[in-house]
Amino acid sequence: MRIRLNGEEIDTTAKDLAALIEDRGFDVSGVATALNGEFVPRALRAETRLAEGDAVEVLRPMQGG
Amino acid sequence: MVDFYGRTFESRLLLGTARYPSPEALGQAVARSGAQIVTVSLRRESAAGAKAGQAFWELVKALGVTILPNTAGCHSAREAVTTARMAREVFGTPWIKLEVIGDDVTLQPDPFALVDATRALVAEGFEVFPYMTEDLVLAEKLVEAGCRVLMPWGAPIGTGRGLNNPYALRLLRRHFPGITLVVDAGIGAPSHAAAAMEMGYDALLLNTAVATAGNPPAMAEAFAEAIRAGRRAHEAGLMEPTDLATASTPTFGAPFSPFAG
C-alpha cells in the first residue's frame with residue numbers, strides 16, 4: 001500500500017499506525033502522530049487503520065523560537 | 001516574579017532554542033541568561049535526523065527548564081490545533097505558543113486564524129501564549145477567548161528591528177494591566193529589550209538576537225541584564241519627558257547672578 005509519510009511517498013505493509021511507527025524504527029514514546037491532518041494519540045495508534053493514499057505525520061521535538 | 005497561568009518565575013527572559021552555532025552554545029546561553037522557560041518545536045521525524053534530534057531533546061531536558069512548545073510554521077487554525085495537540089502529548093504540558101502565519105514575507109501572524117485556534121484550544125484545556133500583532137482589538141478577542149498571556153511582536157521574526165510600534169505596545173500595556181504581556185520576536189539588541197521592560201512589559205521572548213550573536217552566551221547575559229535593568233526602572237517609576245529644560249543644580253545661591261539669592 002502506498003501512503004505519504006512526512007510528505008514522502010512510501011510503500012508499507014503496516015496495517016495500522018502503531019505498526020508503521022514500529023516498522024520505520026521511530027521512537028514510539030518520543031514522537032507524536034497525525035493521520036490526514038488529525039492528531040492520533042499514542043494510545044489509539046494500534047486501532048488506527050491505514051488506507052491507500054493516507055497522509056501520516058510523525059513529529060519529534062526540535063529546535064524552535 | 002512573572003506569572004504564566006498561575007506558575008511564577010524569577011526570570012523574565014524566555015529563550016528560543018534555534019539557530020545556535022552548537023548545542024554547547026545553546027546550553028551556555030540558557031545558563032548565562034538565567035532563562036527558566038525555553039521554546040521548542042515539533043518537526044518531521046526522519047531516519048537521517050533522528051540521532052541529532054534525540055541529542056537535542058536530551059540536551060534540553062538536561063537544562064531542567066520549563067518547556068514552551070510552539071506551533072511554528074502552521075498556516076491555518078486547523079494545522080495549529082493539530083500541532084498543539086501533538087505537542088501536548090510529546091511535552092506533557094498544556095502550554096502552547098500559538099503561532100499561525102498569515103504572510104510568508106513578514107511571517108506576520110494571521111489574527112483571524114489565531115482567534116479561531118485559541119478558542120478551540122482553550123476549550124480543550126490548553127493555556128495559550130498567542131504570538132500576535134500589536135492590535136488592540138485582536139488582543140481583546142484573545143483575552144475574551146481565555147488568554148491570560150499575550151505575546152505581541154516587536155518586529156517581524158528574525159529582523160532585529162526592535163519595537164516597530166511603541167505607541168501600540170504602550171497602549172496594550174495600559175489596556176491590559178492584569179494580563180501577562182511578553183514582547184515576542186524582532187528584538188535585536190539589549191536596548192530594545194530594556195525599552196520594552198521600561199514600558200511595563202512582563203517579559204521578553206528572544207531567539208535570533210542571542211543565537212546569531214558572535215558570542216551567544218555573552219549576549220544572553222547582556223539581554224538578561226538589560227531586562228533586569230528595564231524592569232527595575234519600570235518599578236522605580238520613570239520620569240515623564242518634558243520639552244523644556246529644568247536646571248538640576250539648584251538656582252538658589254548661584255554665583256554672579258543678579259537674580260539669585
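A residue is termed partly exposed when its relative accessible area falls between the buried class, under 20%, and the exposed class, over 50%. In this predicted model, Arg88(B) has a relative accessibility of 28% and therefore counts as partly exposed. Arg88(B) forms a salt bridge with Glu124(B), with the closest N and O atoms 4.0 Å apart. Because Arg88(B) belongs to helix H3 of chain B and Glu124(B) to the loop between H4 and E9, the pair ties together parts that are 36 residues apart in sequence. Through salt bridges that share partners, Glu38(A), Arg78(B), Arg85(B), Arg88(B) and Glu124(B) are joined into one network.

Within chain B, the side chains of Arg85(B) and Glu124(B) also meet in a salt bridge, at 2.5 Å from N to O. This pair links distant parts of the chain, 39 residues apart, with Arg85(B) placed in helix H3 (residues 77-91). Arg85(B) is partly exposed at 23%, and Glu124(B) is likewise partly exposed, at 29% relative accessibility. Over all chains, the whole structure holds 16 salt bridges.

Lys97(B), which an unreviewed UniProt entry lists under "active site", is located in strand E6 (residues 95-98) of chain B. With a relative accessibility of 3%, Lys97(B) counts as buried, and its contacts include Gly65(A) as well as Thr39(B), Phe129(B), Tyr131(B) and Asp184(B).

Ile179(B), situated in the loop between helix H6 (166-175) and strand E11 (180-184), is buried at 9% relative accessible area. Among the residues that Ile179(B) touches are Val143(B), Val149(B), Leu150(B) and Asp202(B), while its C-alpha atom is separated by 9.2 Å from that of Asp3(B), 176 residues apart along the chain.

How values were computed:
Residues numbered from 1 in each chain as written. Chains lettered and ligands numbered in written order. Predicted model: local features only at pLDDT ≥ 70, side-chain atom pairs only at ≥ 80, totals over all residues. Heavy atoms only, no water. Helix = DSSP H or I, 4+ residues; strand = E, 2+ residues; numbered from the N terminus. Buried < 20%, exposed > 50% of the residue type's maximum accessible area, 1.4 Å probe, protein only. Contact = heavy atoms within 4.5 Å. UniProt positions renumbered as here; feature names shortened; annotations may be inferred. Lists of a residue's contacts leave out its neighbours within four places in sequence.
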